[in-house]
Number of protein chains: 2
Amino acid sequence: MAKTRKAKSHKTGSGTKTSSAIMVRVGKARNNRPMAEDGLAELRRRLLEIADLNAAGSVLSWDQATYMPPGGAAARGRQGATLRRLAHEKFIDPALGRLVDALAPRAERLSEDDACLIRVVQRDFDKAIKVPAEYVARANALGTASYDAWTRARPANDFAAMVPFLEQLLDVSREYAEFFAPYEHIADPFIDDAEEGMTTASVQAVFAGLRRELVPMVRAIAAQAPADDTCLRQTFGEAEQLDFGLEAARRMGYDLDRGRLDKTHHPFCTRFSSGDIRITTRVRADDLGDALFSTLHEAGHAMYEQGVSAALDGTPLGHGVSAGVHESQSRLWENVVGRSRGFWEHYFPKLQQRFSNQFAGISLDTFYRAINKVERSLIRTDADEVTYNLHVMLRFGLELDMLEGRLRIKDLPEAWRAAMKADLGVVPPDDRDGCLQDVHWYGGGVGGAFQSYTIGNILAAQFYAAAIAAHPDIPREIANGTFSTLHGWLLDNIYRHGRKYRPDDLVQRATGSPMRMEPYLSYLRAKYGALYRLPEKQRRSA
Amino acid sequence: MAKTRKAKSHKTGSGTKTSSAIMVRVGKARNNRPMAEDGLAELRRRLLEIADLNAAGSVLSWDQATYMPPGGAAARGRQGATLRRLAHEKFIDPALGRLVDALAPRAERLSEDDACLIRVVQRDFDKAIKVPAEYVARANALGTASYDAWTRARPANDFAAMVPFLEQLLDVSREYAEFFAPYEHIADPFIDDAEEGMTTASVQAVFAGLRRELVPMVRAIAAQAPADDTCLRQTFGEAEQLDFGLEAARRMGYDLDRGRLDKTHHPFCTRFSSGDIRITTRVRADDLGDALFSTLHEAGHAMYEQGVSAALDGTPLGHGVSAGVHESQSRLWENVVGRSRGFWEHYFPKLQQRFSNQFAGISLDTFYRAINKVERSLIRTDADEVTYNLHVMLRFGLELDMLEGRLRIKDLPEAWRAAMKADLGVVPPDDRDGCLQDVHWYGGGVGGAFQSYTIGNILAAQFYAAAIAAHPDIPREIANGTFSTLHGWLLDNIYRHGRKYRPDDLVQRATGSPMRMEPYLSYLRAKYGALYRLPEKQRRSA
């Protein structure tokens, strides 16, 4: 085996018999099959090839973020780009469009899975062909160059260096929106990419309602004595931290026969197939919460992906439905479960056992308050559950201002500081911890980058409330370290469907209503009303 | 970054702006360029895309052998096959053939690198188009199924289960040879794949000469008291073993900014680009030599790949020239250097320091004899330098017998036992340690699988002798733990050229003569004449 592999690795591009080019011919048409079925088989064959190219691209990205030696970076960028480009070229092939067009009128005679597949492929195809390959190349090259500049500009606190990049990125983002004209609002195409069925106006309505509740809540909490979180700021061994988080994720339902955890600079979750869905985390010796909660967060994404029906694998239906629903699962497992008192009734004794020096004299109450400390802070990714959404809304508002042309790039730092002061009552001392802190705009352009985090928070509470309504025992089970009823409800109602239903349709099916803010507000009021004194009106509704 | 990555990983096959499809247009023709240069740029662009696909396939294979969770296997096989198939399809594109045909007559007006590129691409293309895609698919599917069966049949000692597979594989191998008819010998096409310029007859001539020397040498050594290698069979920590081997490889010249070492079941070396060339090893707690020497062996392959001129990267010139020359480098660093007395004059005190409990009372002489213990054994991969080639020749002979139709598959076990008894004087008690031991035939078919190991041994000694002739200080430097002069000579004379020259041309340029057996025989006589009493004639020539 060693030698065979080696021999293969030294051959490149030759067609000799040692190359492992297996021709995958899925569902080759037989003579007695109806035409629609043949077309479907051909469509599935094409989609599978595209899925394989994209999965390979994801393996390359994972490797780049985990184990790749520094010397590999230059070629790796090009290799990944080649795979993504080939996948894009194959997806916008007019022959694929013709297959879909021929199948669409017969959709009602297909199985439900197949009818959903036709709908989703048609949507993706219609969007993809509006975007010229030349644009994709140009926008990505700009994003790559800008990302590279940002990795230097942020530590140097050098916003000026990013102004020309961000100006170009904003132009390119506007150009993208024009491919989908006419629209109600220039941000609508970005929102539709992330959250099918939502618009700028509907996001704004949700956010306005939420802001009315959150601003006074944060104000009230900030006036009180801050929680003591020094117990989290001791020194913790790396291997022990990783083990503890992964074991908790495994108990929640993350299947390690089909997944694994590795260290990286930026935590993420990635899917290679239904049998291989991986997470990464980072570890800080002096902050127990960082690795632990990012592991639970990414495990939430991964449990969603692992739960998608294996029958949908290799098609555009074979993964989570939207950024917002995806984020609802990471936030549900990280926060609603992982920062709940019940969860730690079971796990805190285990934590004390594992880190006996650090937690010998610490009470569950102290620990619980520490991991739920609310504070007005500068950095979104470090923010608590209550203030987090204000960080998101601030960014969403600035995005709209930039896209609409009301805010010039050079005025962004000042606008950022003003918004932070108004919403959070703190002002960053520099741009590093201000408008340079998030990569999103600098790496991917302006538009649709942030709203999904808050949509995820709202949906997490709504899904959790629906699960509890169906199974009132869930909180008691969690306090016993058992997650199977909750996990089972999520599998049945969300995970297994993949992208079969539109996000709003999925929410309606799972919870009996469209997206609603009330479960989230009730959740925040109950949890933080127990931890802090809240304004009278908010305590009443709890 | 975390969020951007995540968003990407949840999108598949859509053409939205978050996909990272960068269009790579290398050397787009300008109007004022001569036509040959334009054709060359287009050829290079196509070859780079093929190289990217193959490199991605290699990343997938590396991941599969190192970190992939078990659930990923099914999809991973298909994903890798898709990449190899696309690379093959793009390589046999008639448009690529036309580019080469147009450039070939102008080769003398091109740079040396470009002229070599045209020659090699033409050779690879002419071979590749002779092999139908349908055959590649069928042969690989058979190989995959057979490999899978072999992983069960070997531990179960069940040769009967492999008979139908091996019969089909032999048919398929014969079919492959026919694509290259007419030939002198049916094994010639396989030899030509691995060792351009060699034939079955030339390999047979080399092997006959070597066998005449080795058989009496082995007989003489086997009559003497065996070396005591119990010092290698103690208990050694895994991390310490890996560290020690990797540090030695690094000192030899393996650049860890462009490489890394991971654990796997079967050691191998793999190249993703000139900046990312990785090795793997396995570790046995009760056998110090296993991880150590397989690390040095794979590091030899990796140093060769790392030394190929970066300007050749992404083309068929950008890797080692042949299986035999590649093996010469792994065997040179593993054996000629890594099992030399001088090497351990420097490293044994370090080994004693690292493993102080295990080596406190052991002398350098005892250790040196242990790592060079010659014995008649059953398993090729565990064989010492002297008997190793007899294992290879036995397999080569049986391969020819099978291909020529003189040996039926069902008679292979008996033929194996007879050959082992005749050449090595030992007979395997079962097929597990007999004709089932190597994966080569069962995974890849019959033909050209083994001869390169012995060619590598012969060339290793020839290259080393030439390096010493140019720099007589090399042995003294090695005894001081310095390898830069030897490494530099190999870089200049072998590594940097990649596939530019034919293997025989490269050997001639580097050593001033064609491949010769005398340096290897001198090496064996000198080294093993000092360790054992050899027959009078052989001692005289030492």
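Which loop of chain B holds B:N157? In this predicted model, B:N157 sits in the loop between helix 6 (133-153) and helix 7 of chain B. Its counterpart by number, A:N157, turns up in the loop between helix 6 (133-153) and helix 7 of chain A. Backbone angles are what make these two worth a look. A:N157 has a positive phi of about 55° despite not being a glycine, and B:N157, also a residue other than glycine, has a positive phi near 55°. For background, a negative phi is what most residues other than glycine have. As for accessibility, A:N157 comes out at 28% relative accessibility, so it counts as partly exposed, since that class runs between the 20% and 50% cut-offs. B:N157 is likewise at 28% and therefore counts as partly exposed.

In chain A, the bond from A:A181 to A:P182 is cis, with omega near 0°, and A:P182 belongs to the loop between helix 7 (159-178) and helix 8 (188-194). In chain B, the bond from B:A181 to B:P182 is cis as well, with omega near -5°; B:P182 is in the loop that runs between helix 7 (159-178) and helix 8 (188-194) of that chain. Again for background, most peptide bonds are trans.

The largest nonpolar core has 324 residues, and A:W344 and B:W344 are the ones that touch the most other members. Setting aside neighbours within four places in sequence, A:W344 has contacts that include A:F244, A:L292, A:F293 and A:G338. A:R339, A:P349 and A:L351 are also among the contacts of A:W344, along with A:L364, A:F367 and A:I371.

Notes: Residues numbered from 1 in each chain as written. Chains lettered and ligands numbered in written order. Predicted model: local features only at pLDDT ≥ 70, side-chain atom pairs only at ≥ 80, totals over all residues. Heavy atoms only, no water. Core = buried A, V, L, I, M, F, W, Y, C linked by side-chain atoms within 4.5 Å. Buried < 20%, exposed > 50% of the residue type's maximum accessible area, 1.4 Å probe, protein only. Contact = heavy atoms within 4.5 Å. Helix = DSSP H or I, 4+ residues; strand = E, 2+ residues; numbered from the N terminus.
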